[in-house]
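Hi! Here's the structure I promised to pass on.

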Amino acid sequence: MLFRSRFLLLLALAALLAFVSLSLQFFHLIPVSTAKNGASSKSRKRIMPDLVTEPPGVDPVYEALLYCNIPSVAERSMEGHAPHHFKLVSVHVFIRHGDRYPLYAIPKTKRPEIDCTLVANRKPYHPKLEAFVSHMSKGAGTSFESPLHSLPLYPNHPLCEMGELTQTGVVQHLQNGHLLRDIYLKKHKLLPSGWSTDHLYLETTGKSRTLQSGLALLYSFLPDFDWKKVYFRHQPSALFCSGSCSCPTRNQYLEKEQRRQYLLRLKNSQLERTYGEMAKIVDIPTKQLRASNPIDSMLCHFCHNVSFPCTRNGCIGMEHFKVIKTHQIEDERERREKKLYLGYALLGAHPILNQTVDRMQRAAEGRREELFALYSAHDVTLSPILSAMGLTEARFPRFAARLVFELWQDRDKPSEHSVRILYNGVDVTFHTSFCQEHHKRSPKPMCPLENFARFVKRDMFVALGGTSTNYYDACHREGF
């Protein structure tokens, strides 16, 4: 009897709670999911779904959202994680520039109206945004290496110019710099309080979006830095190959890779139909539409949640976007399988990896220079590095992607130095080709510096086949 009474009481309580909940929702006292500004969720301008969980199969929309890398809450990362008896010696950071305006326009369509000024009342926002603008305005006349001194230090056009960094791109790297500051400066004291120019190595290509991305990260990493202590070097090549850019064999690998891409595209009848449909909408030949690389502009619309362009013949839509993005994903999959890109990547990435190893070895010897290196670069910089190191499952570099190399010293054995490698905050050290086997044999949570050095100085050439034992011979191999 007592049990029955308790059961009836619980049942009545549950009914009362259900009634209260429905009532609150009815009177809008509990917020419900609605589109921003009260707009209908079916509005054409709302093209971006919410990023929740990773889908079980290939999802072009999910992959595109990851690529956009829209700033949100602070992300978790594994940078700076090590046993207490390890000391951080140096850090080497490679970044892709942040979100940018398209490099190409879809012919006969209106350009997406994106504002490239930096304002506090527009999302995405970062607490250091206004201070960043103020500090950049004081940097006019800074003596960066030519031609960098002629570039604007922050984006400032009401209608973005082609390829210009957006406010989203600035905020992405303000977040990156803030995260790295918390880890490397506040926790590990990488730089002395009175750091000087010698403690930094800063390099960027000659594009405003890479210089501005580097400055945004650096400002959040070293707030209100002294302009006299900061010097960016100019890198003419997106491969950061400095004086070692002449490499005929690398170019031949690239030609073969481009041929593979072309043949894959020819086999994709759905892709060709999609290009044909889009060409009719904008009233140009299919060949011209394809040559305009429409996915570049479409990604800008997608990442900024702006509707795709329309003409009197119709509208470019999400289905077109999905087909092209799916082909990109398939192209990346086949690229890994065919391995033609690997040859290009090994030779393309060698000069910058060799420079990184040399800098690490100097730091391991006790040199207190260039403790923090920053390379502000492009997707075509990071992608070969990832492939060359055997990180075949790594996603294509998103906007504001970061690839970090950490050098550590074992305090119990000061002569021993180790390396950690992280991609977008994920520790990928033991996924690299030069540390997979070590991970199986050793309980240490890092990779010996010797393994990384041996890979760069020797094993990269072995992986190419042939008898070459150095970069010059591998680049000028006959009979390739």
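Cys68 is buried (under 20% relative accessible area; exposed is over 50%, partly exposed in between, using a 1.4 Å probe and protein chains only), since its relative accessibility is 0%. Its partner in a disulfide (a pair of cysteine sulfur atoms within 2.5 Å) is Cys303, with an S to S distance of 2.0 Å. The two sit in distant parts of the chain, 235 residues apart: Cys68 in helix H2 and Cys303 in helix H9. Helices here are DSSP runs (H or I, at least four residues), as are strands (E, at least two), numbered from the N terminus. Cys303 is buried too, at 6%.

Before you go on: this is a predicted model, where local features need pLDDT of at least 70 and side-chain atom pairs count only at pLDDT 80 or more, while totals for chains, interfaces and linings use all residues. Residues are numbered from 1 along each chain as its sequence is written, and side-chain values use heavy atoms, leaving out hydrogens and water.

There are six disulfides in the structure. Another one joins Cys247 and Cys475, with the sulfurs 2.1 Å apart. That pair also links distant parts of the chain, 228 residues apart, with Cys475 in helix H15. Cys247 is buried at 2%, and Cys475 is buried at 0%.

Now try Cys310 and Cys315, joined at 1.9 Å. Cys310 is partly exposed at 38%, and Cys315 is partly exposed at 34%. The torsion about their S-S bond is about 105 degrees, so this disulfide is right-handed.

Cheers!
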